[in-house]
Amino acid sequence: MFIHLAVHHHPRPDKTELLIQSMHRFGPAMKGQSGLQQVFTLRDEKSGALVGLALWDSKEQWLAARTAMTEAVKDDPSDEWEEDPPEVFQLEVV
């Protein structure tokens with residue numbers, strides 16, 4: 001199993017909905033890709049952080065799907081929608 005986790009700690013308050021819409025384009029671009037198990041867009045109630053979580057069969061399948069995902073959000077100025085870049089984790093079971 002491979003898990004891709006992106007934590008958007010500081011979305012700009014006036015751009016949060018745009019970031020969520022972008023995440024909703026990024027996630028569905030994964031659907032139908034070989035190896036995807038589940039994908040979620042989440043918000044932490046306490047901090048307001050947005051979290052993208054995707055569970056894959058393998059890192060190789062995630063890498064193969066990257067083109068479709070990045071194409072879905074290629075025109076999104078996400079760096080303008082956040083105070084800081086997201087914290088991204090590529091997690092493997094140990």
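Contact here means heavy atoms within 4.5 Å. By that criterion, among contacts in the chain between residues at least 6 apart in sequence, 71% join residues at least 24 apart. The structure is a predicted model, in which local features need pLDDT of at least 70 and side-chain atom pairs count only at pLDDT 80 or more, while totals for chains, interfaces and linings use all residues. Residues are numbered from 1 along each chain as its sequence is written, and side-chain values use heavy atoms, with hydrogens and water left out.

**Overall architecture**

- The chain has 2 helices and 4 strands, where helices (H or I, at least four residues) and strands (E, at least two) are DSSP runs numbered from the N terminus.
- The order of these elements from the N terminus is β-α-β-β-α-β.
- The radius of gyration, taken over C-alpha atoms, is 13 Å, close to the 12 Å that the globule rule gives for 94 residues, so the chain is as compact as a globular protein of that length. The globule rule is 2.2 Å times the number of residues to the power 0.38.
- The C-alpha trace spans about 35 × 30 × 15 Å along its principal axes.
- Of the 94 residues, 35% count as buried (buried is under 20% relative accessible area, exposed is over 50% and partly exposed lies in between, with a 1.4 Å probe and protein chains only).

**The sheet and its helix**

- Four strands form an open sheet in the order β2-β3-β1-β4, with antiparallel pairing; two strands pair if DSSP finds at least two bridges between them.
- The edges are held by β2 (36–43) and β4 (87–92), each with a single partner strand, so one side of each is left without a neighbour in the sheet.
- From one strand to the next, the twist averages 10 degrees (axes are lines fitted to C-alpha atoms, for helices over the stretch in contact, and angles run from 0 to 180 degrees between N-to-C directions).
- Strand β3 (residues 50–56) pairs with β2 in the antiparallel sense over 7 bridges.
- Leu-42 stands opposite Val-51 in β3.
- Helix α2 packs on the sheet and touches β1, β3 and β4; its direction makes about 125 degrees with that of β3.

**Aromatic pair**

- The structure holds 1 aromatic pair. Rings of Phe, Tyr and Trp (its six-membered ring) pair if their centres lie within 6.5 Å, with planes under 30 degrees apart counted as stacked, over 60 as edge-to-face and the rest as tilted.
- Phe-2 and Trp-62 form this pair, which is tilted, at 5.1 Å centre to centre and 40 degrees between the planes.
- Phe-2 in strand β1 (residues 2–8) and Trp-62 in helix α2 (residues 59–72) are 60 residues apart, and their pair links distant parts of the chain.
- Both Phe-2 and Trp-62 are buried.

**Salt bridges**

- The whole structure contains 3 salt bridges, each defined as a side-chain nitrogen of Lys or Arg within 4 Å of a carboxyl oxygen of Asp or Glu.
- Arg-12 bonds in this sense with Glu-83, their closest N and O atoms being 3.0 Å apart. Arg-12 lies in the loop between β1 and α1 (16–30) and Glu-83 in the loop between α2 and β4, so the pair ties together parts that are 71 residues apart in sequence.
- Asp-76 forms a salt bridge with Arg-25, with 2.7 Å between the closest N and O atoms. Asp-76 lies in the loop between α2 and β4 and Arg-25 in helix α1, so this pair ties together parts that are 51 residues apart in sequence.
- Asp-76 counts as buried at 17% relative accessibility, whereas Arg-25, at 34%, counts as partly exposed.
- Lys-74 and Glu-71 meet through their side chains in a salt bridge of 2.9 Å, N to O.
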